[in-house]
Amino acid sequence: MKKIFINIFVTCSLFVFSNNTYAGEGWSGKATITGIFVIGEESVLIKLSSFSNPDSCLTNGDGDVIINPTTQKTRFATLLSAYMAKKTVDIYVGAGCIPVWPNTSYAPIAYIRLKQ
């Protein structure tokens with residue numbers, strides 16, 4: 001009986017924790033980039049014309065998503081090109097929010113899809 005209880009507890013725990021890992025991930029929705037705010041060498045905020053905010057980050061007028069241009073060069077170049085060409089993007093954000101200033105946090109970029 002004890003072994004059955006332990007198995008049920010472990011299974012339920014894995015289910016709960018695995019769902020929380022993916023909570024908040026999702027596509028931003030089709031949008032254009034309306035602003036780019038370079039904070040420093042490792043942080044750039046991207047402001048979108050509309051943003052679904054899947055993880056309910058504490059975004060503000062400075063941006064909706066955050067990217068590290070030093071380690072995510074291809075993604076940053078893609079976003080910069082889309083901004084300059086006024087192309088529509090759809091950004092998949094990962095779970096969690098990255099804090100920058102007090103009472104602010106921004107969604108990390110996982111994938112980018114350019115739209116016509």
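Reader: Which residue meets Arg 113 in a salt bridge?

Author: This is a predicted model, in which local features need pLDDT of at least 70 and side-chain atom pairs count only at pLDDT 80 or more, while totals for chains, interfaces and linings use all residues. Residues are numbered from 1 along each chain as its sequence is written, and side-chain values use heavy atoms, with hydrogens and water left out. A salt bridge is a side-chain nitrogen of Lys or Arg within 4 Å of a carboxyl oxygen of Asp or Glu. At 3.9 Å from N to O, the side chain of Arg 113 meets that of Asp 90.

Reader: How many residues apart are Arg 113 and Asp 90?

Author: Helices (H or I, at least four residues) and strands (E, at least two) are DSSP runs, numbered from the N terminus. Arg 113 belongs to strand 7 and Asp 90 to strand 5. The pair therefore links distant parts of the chain, with a separation of 23 residues.

Reader: Is Asp 90 buried or exposed?

Author: Buried means under 20% relative accessible area, exposed over 50% and partly exposed in between, with a 1.4 Å probe and protein chains only. Asp 90 has a relative accessible area of 8%, so Asp 90 is buried.

Reader: How many bridges pair strand 5 with strand 7?

Author: Two strands pair if DSSP finds at least two bridges between them. Thr 88 stands opposite Lys 115 in strand 7. Strand 5 and strand 7 run in the antiparallel sense, and their bridges number 6.

Reader: Which residue of strand 5 stands opposite Thr 32?

Author: Strand 5 covers residues 88–93 and is also joined to strand 2, antiparallel, by 2 bridges. In strand 5, the residue opposite Thr 32 is Thr 88.

Reader: How far apart in space are Ala 85 and Thr 32, C-alpha to C-alpha?

Author: Ala 85 is placed in helix 2, residues 73–85, and counts as partly exposed because its relative accessible area is 45%. In sequence, Ala 85 and Thr 32 are 53 residues apart. In space, C-alpha to C-alpha, they are separated by 10.0 Å.

Reader: Which residue forms a salt bridge with Asp 64?

Author: The count of salt bridges comes to 2. In the one that involves Asp 64, the closest N and O atoms are 3.2 Å apart, and the partner is Lys 47.

Reader: Where in the chain does Asp 64 lie?

Author: Lys 47 is in strand 3, 17 residues from Asp 64, and the pair links distant parts of the chain. Lys 47 is partly exposed because its relative accessibility is 21%, whereas Asp 64, at 4%, counts as buried. The place of Asp 64 is the loop between strand 3 and strand 4.

Reader: Which residue of strand 4 stands opposite Leu 45?

Author: Strand 3 pairs with strand 2 over 6 antiparallel bridges, and there Leu 45 is the bridge partner of Phe 37. Strand 3 also pairs with strand 4, antiparallel, over 3 bridges. In strand 4, Leu 45 faces Ile 66.

Reader: What accessible area do Phe 37, Ile 39 and Trp 101 have together?

Author: Phe 37 is in strand 2 and is partly exposed because its relative accessibility is 31%. Patches are made of residues with over 30% relative accessible area and no salt bridge, like charges being joined within 9 Å and nonpolar side chains (Val, Leu, Ile, Met, Phe, Trp, Tyr) within 5 Å. Accessible areas come from the Shrake-Rupley method with a 1.4 Å probe, and for residues only the protein chains shown count as cover. The three residues form a nonpolar surface patch whose accessible area is about 230 Å².

Reader: Which residue has its backbone nitrogen 2.9 Å from a polar atom of the side chain of Ser 105?

Author: Ser 105 lies in strand 7, residues 105–115, and is buried because its relative accessible area is 8%. Contact means heavy atoms within 4.5 Å; beyond four places in sequence, the contacts of Ser 105 include Cys 57, Thr 59 and Cys 97. The backbone nitrogen at 2.9 Å is that of Leu 58.

Reader: Which residue takes a positive phi in the hairpin of strand 6 and strand 7?

Author: Strand 6, residues 98–99, is joined to strand 7 by 2 antiparallel bridges, with Ile 98 opposite Tyr 106. The hairpin has 5 residues between the strands. The positive phi, near 65°, is taken by Asn 103.

Conventions. Polar contact = N/O pair within 3.5 Å; in protein donor to acceptor, adjacent residues only side chain to side chain.
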